Amino acid sequence: KMSGKMKESLNAMSGGENIEEEDVEALRAILDNLLEFSFQQEDLMNDFSEITNSHPEFAKKLKNQNILKVYFEHIDDSLYTLSMRQPKISSKIFKDISNVHYHLDESLVHFADNRFNIGLSDQQFVMTSTNNLAYLLSNVLNAMQNPTPSSGSGKGKKKGNSFSLPDIIQKQGEMMEKMKSGMKPGEIA
(Lines give C-alpha, C1' and ligand atoms only; values in the text may rest on other atoms or scores of the structure.)
Protein backbone atom coordinates (compact mmCIF):
# COMPACT_ATOMS: atom_id res chain seq x y z
CA LYS A 1 0.00 0.00 0.00
CA MET A 2 2.67 2.44 1.05
CA SER A 3 4.77 1.63 -2.01
CA GLY A 4 1.80 2.36 -4.25
CA LYS A 5 1.20 5.71 -2.58
CA MET A 6 4.86 6.63 -2.93
CA LYS A 7 4.83 5.72 -6.62
CA GLU A 8 1.72 7.85 -7.14
CA SER A 9 3.30 10.77 -5.32
CA LEU A 10 6.55 10.47 -7.29
CA ASN A 11 4.67 10.11 -10.54
CA ALA A 12 2.67 13.27 -9.84
CA MET A 13 5.76 15.24 -8.86
CA SER A 14 7.76 14.07 -11.87
CA GLY A 15 5.11 15.23 -14.31
CA GLY A 16 3.82 11.76 -15.01
CA GLU A 17 0.59 10.90 -16.75
CA ASN A 18 -1.56 11.06 -13.60
CA ILE A 19 -3.37 14.34 -14.12
CA GLU A 20 -5.64 15.29 -11.31
CA GLU A 21 -8.56 17.68 -11.56
CA GLU A 22 -6.87 19.65 -8.76
CA ASP A 23 -3.93 20.39 -11.05
CA VAL A 24 -6.22 21.59 -13.82
CA GLU A 25 -8.13 23.87 -11.44
CA ALA A 26 -4.93 25.23 -9.92
CA LEU A 27 -3.52 25.88 -13.36
CA ARG A 28 -6.69 27.73 -14.37
CA ALA A 29 -6.49 29.87 -11.23
CA ILE A 30 -2.85 30.75 -11.89
CA LEU A 31 -3.62 31.54 -15.51
CA ASP A 32 -6.54 33.78 -14.50
CA ASN A 33 -4.26 35.61 -12.06
CA LEU A 34 -1.57 36.10 -14.69
CA LEU A 35 -4.08 37.53 -17.13
CA GLU A 36 -5.58 39.85 -14.54
CA PHE A 37 -2.10 40.96 -13.49
CA SER A 38 -1.14 41.63 -17.11
CA PHE A 39 -4.27 43.71 -17.74
CA GLN A 40 -3.70 45.76 -14.59
CA GLN A 41 -0.04 46.27 -15.53
CA GLU A 42 -1.09 47.44 -18.98
CA ASP A 43 -3.57 49.92 -17.50
CA LEU A 44 -0.92 51.24 -15.17
CA MET A 45 1.59 51.50 -18.01
CA ASN A 46 -0.91 53.58 -19.97
CA ASP A 47 -1.44 55.81 -16.93
CA PHE A 48 2.30 56.35 -16.46
CA SER A 49 2.71 57.24 -20.13
CA GLU A 50 0.40 60.23 -19.61
CA ILE A 51 1.87 61.70 -16.40
CA THR A 52 5.10 63.02 -14.90
CA ASN A 53 6.39 62.96 -11.34
CA SER A 54 4.76 66.36 -10.71
CA HIS A 55 1.30 65.03 -11.57
CA PRO A 56 -1.06 64.85 -8.56
CA GLU A 57 -1.73 61.15 -9.25
CA PHE A 58 1.96 60.19 -9.47
CA ALA A 59 2.28 58.92 -5.88
CA LYS A 60 -0.93 56.91 -6.21
CA LYS A 61 0.25 55.31 -9.47
CA LEU A 62 3.64 54.48 -7.95
CA LYS A 63 1.85 52.88 -5.00
CA ASN A 64 -0.32 50.87 -7.42
CA GLN A 65 2.83 49.61 -9.16
CA ASN A 66 4.12 48.45 -5.78
CA ILE A 67 0.79 46.75 -5.03
CA LEU A 68 1.06 44.88 -8.33
CA LYS A 69 4.53 43.76 -7.30
CA VAL A 70 3.08 42.29 -4.08
CA TYR A 71 0.28 40.59 -6.04
CA PHE A 72 2.83 39.00 -8.33
CA GLU A 73 4.58 37.48 -5.32
CA HIS A 74 1.40 35.48 -4.65
CA ILE A 75 1.31 34.34 -8.27
CA ASP A 76 5.02 33.53 -8.03
CA ASP A 77 4.39 31.18 -5.09
CA SER A 78 1.80 29.26 -7.08
CA LEU A 79 4.00 29.15 -10.17
CA TYR A 80 6.85 27.78 -8.09
CA THR A 81 4.63 25.03 -6.67
CA LEU A 82 3.39 24.22 -10.16
CA SER A 83 6.91 24.07 -11.56
CA MET A 84 7.86 21.57 -8.87
CA ARG A 85 5.08 19.32 -10.10
CA GLN A 86 5.81 19.94 -13.79
CA PRO A 87 9.62 19.84 -14.13
CA LYS A 88 9.44 19.90 -17.94
CA ILE A 89 8.46 23.58 -17.84
CA SER A 90 10.22 24.71 -14.67
CA SER A 91 13.21 26.39 -16.34
CA LYS A 92 10.93 28.46 -18.59
CA ILE A 93 8.79 29.43 -15.61
CA PHE A 94 11.80 30.44 -13.49
CA LYS A 95 13.26 32.55 -16.31
CA ASP A 96 10.08 34.57 -16.80
CA ILE A 97 9.43 34.87 -13.05
CA SER A 98 12.92 36.31 -12.62
CA ASN A 99 12.34 38.76 -15.45
CA VAL A 100 9.04 39.95 -13.97
CA HIS A 101 10.55 40.49 -10.52
CA TYR A 102 13.59 42.28 -11.91
CA HIS A 103 11.62 44.64 -14.12
CA LEU A 104 8.97 45.33 -11.47
CA ASP A 105 11.74 46.43 -9.11
CA GLU A 106 13.45 48.45 -11.83
CA SER A 107 10.21 50.19 -12.86
CA LEU A 108 9.68 51.41 -9.31
CA VAL A 109 13.24 52.77 -9.17
CA HIS A 110 13.05 54.41 -12.58
CA PHE A 111 9.72 56.11 -11.95
CA ALA A 112 10.91 57.35 -8.56
CA ASP A 113 14.06 58.74 -10.25
CA ASN A 114 11.94 60.53 -12.89
CA ARG A 115 13.16 58.27 -15.71
CA PHE A 116 9.73 57.56 -17.12
CA ASN A 117 10.82 56.21 -20.51
CA ILE A 118 12.96 53.54 -18.86
CA GLY A 119 10.21 52.80 -16.32
CA LEU A 120 7.69 52.34 -19.14
CA SER A 121 10.14 50.03 -20.87
CA ASP A 122 10.44 48.00 -17.64
CA GLN A 123 6.67 47.73 -17.46
CA GLN A 124 6.60 46.46 -21.04
CA PHE A 125 9.15 43.78 -20.12
CA VAL A 126 6.95 42.82 -17.15
CA MET A 127 3.98 42.41 -19.46
CA THR A 128 5.99 40.42 -22.00
CA SER A 129 7.26 37.95 -19.39
CA THR A 130 3.81 37.69 -17.80
CA ASN A 131 2.24 37.00 -21.17
CA ASN A 132 4.95 34.41 -21.91
CA LEU A 133 4.00 32.65 -18.68
CA ALA A 134 0.30 32.84 -19.51
CA TYR A 135 0.93 31.43 -22.99
CA LEU A 136 3.02 28.59 -21.59
CA LEU A 137 0.42 27.72 -18.95
CA SER A 138 -2.38 27.96 -21.49
CA ASN A 139 -0.57 25.40 -23.65
CA VAL A 140 0.03 23.15 -20.63
CA LEU A 141 -3.63 23.43 -19.62
CA ASN A 142 -4.73 22.62 -23.15
CA ALA A 143 -2.43 19.58 -23.21
CA MET A 144 -3.76 18.42 -19.84
CA GLN A 145 -7.37 18.71 -20.93
CA ASN A 146 -6.80 17.25 -24.39
CA PRO A 147 -4.15 14.54 -23.99
CA THR A 148 -4.40 13.45 -27.63
CA PRO A 149 -2.07 15.29 -29.97
CA SER A 150 -3.83 18.07 -31.80
CA SER A 151 -2.54 20.25 -34.58
CA GLY A 152 -5.26 22.89 -34.30
CA SER A 153 -4.58 26.37 -33.13
CA GLY A 154 -5.52 27.45 -29.64
CA LYS A 155 -9.08 28.44 -29.05
CA GLY A 156 -9.40 31.57 -27.00
CA LYS A 157 -11.84 31.50 -24.16
CA LYS A 158 -13.08 34.72 -22.71
CA LYS A 159 -14.44 34.64 -19.23
CA GLY A 160 -17.03 37.22 -18.44
CA ASN A 161 -16.57 37.17 -14.69
CA SER A 162 -15.38 40.30 -12.97
CA PHE A 163 -13.36 38.95 -10.07
CA SER A 164 -10.96 41.39 -8.54
CA LEU A 165 -7.33 40.35 -8.27
CA PRO A 166 -7.50 39.82 -4.46
CA ASP A 167 -10.48 37.45 -4.89
CA ILE A 168 -8.61 35.47 -7.49
CA ILE A 169 -5.49 35.35 -5.33
CA GLN A 170 -7.54 34.04 -2.41
CA LYS A 171 -8.98 31.26 -4.58
CA GLN A 172 -5.52 30.56 -5.94
CA GLY A 173 -4.17 30.31 -2.39
CA GLU A 174 -6.79 27.69 -1.60
CA MET A 175 -5.84 25.72 -4.71
CA MET A 176 -2.15 26.06 -3.87
CA GLU A 177 -2.78 24.60 -0.41
CA LYS A 178 -4.54 21.66 -2.06
CA MET A 179 -1.59 21.20 -4.39
CA LYS A 180 0.88 21.32 -1.51
CA SER A 181 -1.14 18.84 0.51
CA GLY A 182 -1.18 16.54 -2.54
CA MET A 183 2.60 16.46 -2.43
CA LYS A 184 2.83 15.18 1.15
CA PRO A 185 3.92 11.53 1.32
CA GLY A 186 1.27 9.06 2.39
CA GLU A 187 -1.69 11.39 1.90
CA ILE A 188 -4.66 10.17 -0.10
CA ALA A 189 -5.79 12.58 -2.82
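Predicted model: local features only at pLDDT ≥ 70, side-chain atom pairs only at ≥ 80, totals over all residues.
## H3 against H4

Let's start with the pair formed by helix H3 (residues 58-85) and helix H4 (residues 90-112). Their axes come within 10 Å and cross at roughly 165°. Angles over 145 degrees count as roughly antiparallel, so H3 and H4 are roughly antiparallel to each other. The crossing of H3 past H4 is left-handed.

Sorted by class, the H3 contact with H4 holds 14 nonpolar, 6 polar and 4 charged residues.

## H3 against H5

Now turn to helix H5 (residues 116-145). The axes of H3 and H5 come within 13 Å, with a crossing angle of roughly 25°. Angles under 35 degrees count as roughly parallel, and H3 and H5 are therefore roughly parallel to each other. This crossing, too, is left-handed.

On the H3 side, Phe58, Gln65, Phe72, Leu79 and Leu82 meet Phe116, Gln123, Leu133 and Leu137 of H5. By class, that contact has 7 nonpolar and 2 polar residues, and no charged ones.

## A lysine in H3

Lysine 61 also sits in H3. Is this lysine buried or exposed? Its relative accessibility is 14%, so lysine 61 counts as buried, the cut-off being under 20%.

The side chain of lysine 61 makes a polar contact of 3.0 Å with the side chain of aspartate 47. Leaving aside residues up to four places away in sequence, lysine 61 touches Leu44, Asp47, Phe48 and Ile51.

Conventions
Residues numbered from 1 in each chain as written. Heavy atoms only, no water. Axes fitted to C-alpha atoms, helices over the stretch in contact; angles between N-to-C directions. Helix = DSSP H or I, 4+ residues; strand = E, 2+ residues; numbered from the N terminus. Parallel < 35°, antiparallel > 145°, perpendicular 65-115°, else oblique. Left-handed = near helix turned anticlockwise from the far one by under 90°. Nonpolar A, V, L, I, M, F, W, Y, C, P; charged D, E, K, R; others polar. Buried < 20%, exposed > 50% of the residue type's maximum accessible area, 1.4 Å probe, protein only. Polar contact = N/O pair within 3.5 Å; in protein donor to acceptor, adjacent residues only side chain to side chain. Contact = heavy atoms within 4.5 Å.
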